[in-house]
Protein chains: 2
Amino acid sequence: MEAVGRMAGVSQVTVSRALSDPSKVSADTLRRINEAIAATGFVPNAIAGALASSKSRLISALVPSITNTVYASLVRAFSARMREADYQILLSETGLDPEEEERTIAAHLSRRPDAILLTGIHHSPRSRQMLLASGIPVVEVWDVTNSPIDICVGFNHEATGQAAAAFAHEQGHATAATIHAIDERAHRRSQAFATRFAELTGTTATVVPTESMATIAQGRAAMARLLDTGFRKGFVHCSSDVMAHGVIIESTVRGFSVPEDIAVLGFGDQEFAGHVVPTISTIRVDREAFGRTAAEALLDRLDGGRDNAGTVDLGFEIVRRDSA
Amino acid sequence: MEAVGRMAGVSQVTVSRALSDPSKVSADTLRRINEAIAATGFVPNAIAGALASSKSRLISALVPSITNTVYASLVRAFSARMREADYQILLSETGLDPEEEERTIAAHLSRRPDAILLTGIHHSPRSRQMLLASGIPVVEVWDVTNSPIDICVGFNHEATGQAAAAFAHEQGHATAATIHAIDERAHRRSQAFATRFAELTGTTATVVPTESMATIAQGRAAMARLLDTGFRKGFVHCSSDVMAHGVIIESTVRGFSVPEDIAVLGFGDQEFAGHVVPTISTIRVDREAFGRTAAEALLDRLDGGRDNAGTVDLGFEIVRRDSA
DNA sequence: CTGTTAGCGCTTTCAC
DNA sequence: GTGAAAGCGCTAACAG
């Protein structure tokens, strides 16, 4: 800035002003400064700016996995909104390990982000403490709780499982199974489904956990195991559309018809769900809305808003298609 | 650090040393400092550190879209490796617009990243200039060129299209079409396919562009259009597995059999390709390898390596399954 | 509208 | 092994 200022015949501060608020500088000065910037190829140093102003214009975002469409589209919507407001996103994957999340949170906080987005509501005590101590707005997405760290935007996972059980029951299914990926929230949806199904029908649903994240291969394998143990007819609740797709394929290949023999309900309403054959009935959650709402809540706070702490439940909706 | 030092009975610099290189501090001092850190909940300010040392330990990464599995898994592998080396990733989507990329590059460079990863080899002149002026290592991934900005890790898109045409020809197909998403590289793969197919068979392949990114719905719609214009038998080259999946679904629904009537070749070897019915023949590129190789090249450079500029072609492979 | 003076919280010399 | 001093490149008051 010093050099740019010299070239434009002004001091360093004036250059700073021209960049941060052009209206504070005379038209002629502004022109000369811009020329000097163009000539030198000057790129302001945001690190120095952040240190001096203690505003980093950086938002940190932590998700379990970015290859999972569900989180990726949430982050996309979140980033897009934050970027409009001139914030950048420091993104990290935390995987499934809370220890890993704790380390990542510490690393992110050292960059002094202006706010932070976390996935889920379970964080280690030390994580909570660091977050609270940092004093920045925190938004937890993709789940709801009565005791958020700060802001929380999500939906009730148990409620989706219960709604799925009611849906199965209404359709007269007397037998059911629930297949879920290795994911704490998927597990809770499955459990809620099984519990409510038992309450409604008196019959226990088989819970089939898989050893990894949701893939078609895992869905097929899980369904294969279920069929091998004698499952012949009934309702299959899946923790994701990808799993459901695998379940449908395996069932069809083995000669069962969907939904007549086996009715399948997915979760997430991913793009393909409405376009494969048979189309997949699913539980829709508006992923983009989570990202957008989380961003708005944070922006409101960053603009001086104080009273929007608390939980927002964005709900869900069962989308009935051909598979169930 | 001042406060931590006071509590531990040492100066601020000693705290700094204890954190950056514990071996420079006596065992006893180290212990007292660590106690003080634990007691105060001190989190070092990486912004100040970066300003003082002019090393940000930040790597910026620009991809067209994070919801596209192809780029997401590439970034995943890249981030994982960089993180092992204690670097964090500043990630942004650039979309399809080069202007947008230029703005994003400027914003990223202002954070003084230690290196930068870009997707593709086409960047605006001003982008190239800023990148060069920044003096940091630059890696371009997912394509190859004879004139990389610095390091380049990718594969030859034209070559994949040509190989696909040869593959179609070997199987005796006399008619062909190629469907591609709105993506410059997908377009080049399609063109290369059409050109080589014409050279080999004397027959022109129909090129079917779609108006958006790859989705099953787009694949189905494109195939519907193709069938509506009289396509009945032949080879369909697709710019992605997702498109291919849509093509297969639409063909099947309309009573055509795959691969007997219509042979379909995808691109990317995504997870589902080997598990849907029929399994999808595809062109595999090792996405994780691109991310990992790019990371290694950057790390080498950041560790003082100087001579690894240039292009690495990681190639591709046709995976023959049931759809073609 | 523009300039001067102080830092922001670290790392980097250079002493001791 | 430890400390003192001098910045890194900006922004934030405060003058004028």
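Which helices of chain A and chain B each supply at least two residues of the surface near DNA strand C? In this predicted model, they are α2 (12-20) and α4 of chain A, together with α2 (12-20) and α4 (46-53) of chain B.

**View 1. The protein surface near DNA strand C.** By class, this surface has 10 nonpolar, 10 polar and four charged residues. Of the 24 residues around DNA strand C, those that come nearest are Val13(A), Thr14(A), Arg17(A), Thr29(A) and Ser16(B).

**View 2. Polar contacts to DNA strand C.** For the side chain of Thr29(A), the distance from an N or O atom to a phosphate oxygen is 2.4 Å. Ala52(A) instead places a polar backbone atom 3.2 Å from a base oxygen.

**View 3. The contact between chain A and chain B.** Chain A contributes 45 residues to the contact, and chain B contributes 45 residues. Ile47(A), Gln88(A) and Arg111(A) supply 17% of the area that chain A buries against chain B, more than any other three residues. The area buried between the chains is about 4100 Å², with 59% given by carbon and sulfur atoms.

**View 4. A salt bridge between the chains.** The side chains of Arg83(A) and Glu100(B) form a salt bridge, with 2.9 Å from N to O. The count between chain A and chain B is four salt bridges. On the side of chain A that touches chain B, the residues divide into 24 nonpolar, 12 polar and nine charged.

Conventions. Residues are numbered from 1 along each chain as its sequence is written. Chains are lettered from A and ligands numbered from 1 in the order in which they are written. This is a predicted model: local features need pLDDT of at least 70, side-chain atom pairs count only at pLDDT 80 or more; totals for chains, interfaces and linings use all residues. Side-chain values use heavy atoms; hydrogens and water are left out. Contact means heavy atoms within 4.5 Å. Buried area is the accessible area (1.4 Å probe) that two parts lose on being put together, summed over both. Ala, Val, Leu, Ile, Met, Phe, Trp, Tyr, Cys and Pro count as nonpolar, Asp, Glu, Lys and Arg as charged, and the others, Gly among them, as polar. A residue is near a molecule or strand if one of its heavy atoms lies within 4 Å of it. A polar contact is a pair of N or O atoms within 3.5 Å; within protein, one must be able to donate a hydrogen and the other to accept it, and residues adjacent in sequence count only if both atoms are side-chain atoms. Helices (H or I, at least four residues) and strands (E, at least two) are DSSP runs, numbered from the N terminus.
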